[in-house]
Amino acid sequence: MSMARMVKMLLDLGRVANLPTVWTNCMVAWWLAGGAYPDLGWPLWRATGALLMGTSLMYMAGTTLNDAFDHDFDREYRPERPLPMGMLTLRTVWVLGVTQLVLGALLLTIVAGASLLAVALLTGLIIAYNAIHKEWSGSVGIMGLCRVMLYIIPATLPGRELNSAVLLWAGALFVYIVAVSISARAESIPDGKHAGWTLILFLLPIALWLWGAHDLPARHWYVVLFPCIFFYVVHRASQLMRRDPPLNIGVGVAHLLAGICLLDAVAISVSQPLIAFLPAAAFPLTRFLQRYFAST
């Protein structure tokens with residue numbers, strides 16, 4: 001196997017196409033937990049760099065361990081995955097996933113200064129989800145909690161505060177991820193169909209935005225763009241998943257995963273309108289990466 005193919009396979013295993021959604025979760029939560037422009041000194045760059053690298057490693061660990069836990073299922077239903085194809089051994093995938101998990105946790109706690117309890121909780125949730133998600137349909141809630149921790153952990157960094165804004169939007173993210181996870185389950189089920197009712201769950205962030213945006217000054221009129229774009233993407237994804245299921249389930253889910261960046265833009269647009277353009281810009285980046293690397 002060529003080096004380029006090996007690298008591509010490892011990046012697919014880690015679902016790196018979705019990493020921008022991890023970064024925007026952390027960035028927006030960090031802003032919501034502080035609310036002021038910080039001193040751009042070395043301590044800040046060290047902490048935020050370790051935060052982004054640590055959460056990226058833990059996300060990649062979760063997806064890598066997912067293949068390890070699901071190797072029997074993938075052998076029957078997902079033969080294109082690296083393990084069923086014999087491109088990697090099960091032992092190698094286990095070692096890689098555990099190494100990523102440990103390194104990510106060390107970066108978050110020792111270098112970034114995040115709460116040990118919060119990082120330990122995320123570690124436990126990652127392992128629990130991968131261990132039981134095929135046997136228990138309620139595990140979509142565990143997946144949602146994993147994403148919630150990407151809002152909680154940045155709020156435990158020095159100088160940040162776990163305030164009501166962080167918790168409110170973490171709750172919106174939880175509902176959104178649960179809806180995405182329910183939709184994604186149909187991809188692995190023969191003749192699976194998209195649960196159309198989940199569209200209601202997808203729209204919760206817009207309701208929260210409407211509740212919080214009534215006090216925005218008129219000069220920030222442009223922030224209405226963020227919930228509008230978010231709505232379009234969610235509606236488009238729902239249309240795709242209802243068309244020729246389960247063929248288009250994966251395509252629609254990829255749109256929804258990239259839509260996490262837009263949810264983050266909606267979340268921050270109320271308090272920091274200009275900052276919202278950063279997570280919004282991560283949406284096309286995620287969609288671009290999804291063209292070349294696996295996202296589900």
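This note covers the salt bridges in a predicted model.

1. How many salt bridges does the structure hold? There are 3. Side chains of opposite charge can pair when their charged atoms come close. Each pair is taken in turn below.

2. Start with lysine 8 and aspartate 12. They form a salt bridge, and their closest N and O atoms are 2.6 Å apart. Both sit in helix H1, which covers residues 3–13.

3. Aspartate 12 is buried, at 13%. The cut-off for buried is under 20%.

4. Next come arginine 15 and aspartate 67. This salt bridge has its closest N and O atoms 3.2 Å apart. Arginine 15 lies in the loop between H1 and helix H2 (19–32). Aspartate 67 belongs to helix H3 (residues 42–69). The pair therefore ties together parts that are 52 residues apart in sequence. Both arginine 15 and aspartate 67 are buried.

5. The remaining pair is aspartate 70 with lysine 134. The closest N and O atoms of this salt bridge are 3.7 Å apart. Where do the two residues lie? Aspartate 70 is in the loop between H3 and helix H4 (71–77). Lysine 134 is in the loop between helix H6 (116–132) and helix H7 (140–155). The pair links distant parts of the chain, 64 residues apart.

6. Burial for this pair: aspartate 70 counts as buried, at 5% relative accessibility. Lysine 134 is partly exposed, with a relative accessible area of 37%.

Conventions: Residues are numbered from 1 along each chain as its sequence is written. This is a predicted model: local features need pLDDT of at least 70, side-chain atom pairs count only at pLDDT 80 or more; totals for chains, interfaces and linings use all residues. Side-chain values use heavy atoms; hydrogens and water are left out. A salt bridge is a side-chain nitrogen of Lys or Arg within 4 Å of a carboxyl oxygen of Asp or Glu. Helices (H or I, at least four residues) and strands (E, at least two) are DSSP runs, numbered from the N terminus. Buried means under 20% relative accessible area, exposed over 50%, partly exposed in between (1.4 Å probe, protein chains only).
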